[in-house]
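The sequence and structure are shown first.

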Amino acid sequence: MADELYMQRCLELASLGMGNVSPNPLVGCVIVAEGQVIGEGYHEKIGEAHAEVNAVKAVFARYGDAAPLLLEKATAYVSLEPCAHFGKTPPCADLLIRHRIKKVIIGNRDPFEAVDGKGIERLRDAGVEVVSGVLEKECSWVNRRFFTRILQQRPYIILKWANTANGYFAPVAEEQRWISGPLARRLVHKWRTEEDAVIVGKRTALVDNPRLDVREWPGRNPIRILIDKNLEIPAESHLYNDVAKTIVFNELRTDIEGNIHFIQMEDMQYYLPQKIAFQLYLMDIQSVIIDGGANLLNQFINAGLWDEARVFSSSLSWENGILAPQINGVITDVQQVGNDRLSIYQNKS
């Protein structure tokens, strides 16, 4: 049980990097010697020190001159296989070898081509005992965004919407009417800090004039993505302000104006979800929330191109409206958020 407990701590640490390390994985590391945690760390920010480096630094900060001897007796727990290549930082496998770590226990093997077993091999070649697969399922879940990008060559796709108690998504008339309550809206802002980008279609942009920022939650704003085939959204739209980068997929031009990136696509009426997903993969966008409207959400659903759906159901009922999307997925969680019920679906197909 001790191995599982220490690995669970790795996952708690890894999750602290949410929203700050993409497209890198979330990684936590705990170093244990003589039954005591002597150091821990996590990957805090893209381009900066990895989890193993921060954990080793913590050992030296705490124990000073006694650190080298402690590390020689230590076991390092890491939620993902230590890297074995030079990227923005040196290989973490080499760091653990240099400090003569006795044993390394790993949650997941890293599927990234430059690692993919090479870190484990390098450690074993140096005489380090390696155990892999501890809390493997839980570690995979924490890094589901990273694994989706590497293995499926697309971002992790989250669908999000709210519907009334009788199944309506939006008014028929082009007017803005709130369905979910203030607590649900605040939670959505938290979600935006955790994902790379948020996508809306043209009708949503015209009717709601959304900001797609995180003004109700501390954290960084996501990249805003607008689907606007004929560039009909006016320049005074909130999506064109300077609080975050905006990408506009359209059929007319490719250009950059300040923080606005126009990207031309051909034949957007065909295979649009697949084209968007591949373009975002090429741009190293690892996760995205599809935030409406109904047509765009239905296109991703019909293409089977989604991983998770987060659906708020209100106690309100409307006389009429645009019907909410219908989804076939496995409900993995149901929560009460203020007056709204939140259902989480996973795509198991």
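About 510 Å³ of space lies in the second largest pocket. A pocket here is an open set of points on a 1 Å grid over the protein atoms alone, where a 1.4 Å probe fits, with protein on both sides within 12 Å along at least five of seven lines; lining residues have an atom within 4 Å of a point. Grid points are joined across faces, edges and corners, and a volume is the space filled by probe spheres set on the points. Of the 26 lining residues of this second pocket, Asn24, Pro25, His50, His85 and Phe112 are the closest to its centre. Helix 2 (51-63) and helix 7 (144-152) are the elements that give two or more residues to its lining; helices (H or I, at least four residues) and strands (E, at least two) are DSSP runs, numbered from the N terminus.

The model is predicted: local features need pLDDT of at least 70 and side-chain atom pairs count only at pLDDT 80 or more, while totals for chains, interfaces and linings use all residues. Residues are numbered from 1 along each chain as its sequence is written, and side-chain values use heavy atoms, with hydrogens and water left out.

The largest pocket has a volume of about 1200 Å³. Its lining comprises 48 residues, of which Thr204, Asp208, Asp291, Gly292 and Gly293 are the closest to the centre. Helix 9 gives the most to this lining, with 5 residues. The table gives both linings by class, where Ala, Val, Leu, Ile, Met, Phe, Trp, Tyr, Cys and Pro count as nonpolar, Asp, Glu, Lys and Arg as charged, and the others, Gly among them, as polar.

| Pocket | Lining residues by class |
|---|---|
| Largest pocket | 20 nonpolar, 13 polar, 15 charged residues |
| Second largest pocket | 12 nonpolar, 7 polar, 7 charged residues |

Asp291 also takes part in a polar contact of 2.9 Å with the side chain of Lys160 (a pair of N or O atoms within 3.5 Å, one able to donate a hydrogen and the other to accept it; residues adjacent in sequence count only if both atoms are side-chain atoms). Lys160 lies in strand 6 and is buried, with a relative accessible area of 15% (buried means under 20%, exposed over 50%, partly exposed in between, with a 1.4 Å probe and protein chains only).

The largest nonpolar core has 33 residues, and Leu159 and Phe249 have the most contacts inside it. Such a core is a set of buried Ala, Val, Leu, Ile, Met, Phe, Trp, Tyr and Cys residues joined through side-chain atoms within 4.5 Å. Helix 11 supplies the largest share, 5 residues.
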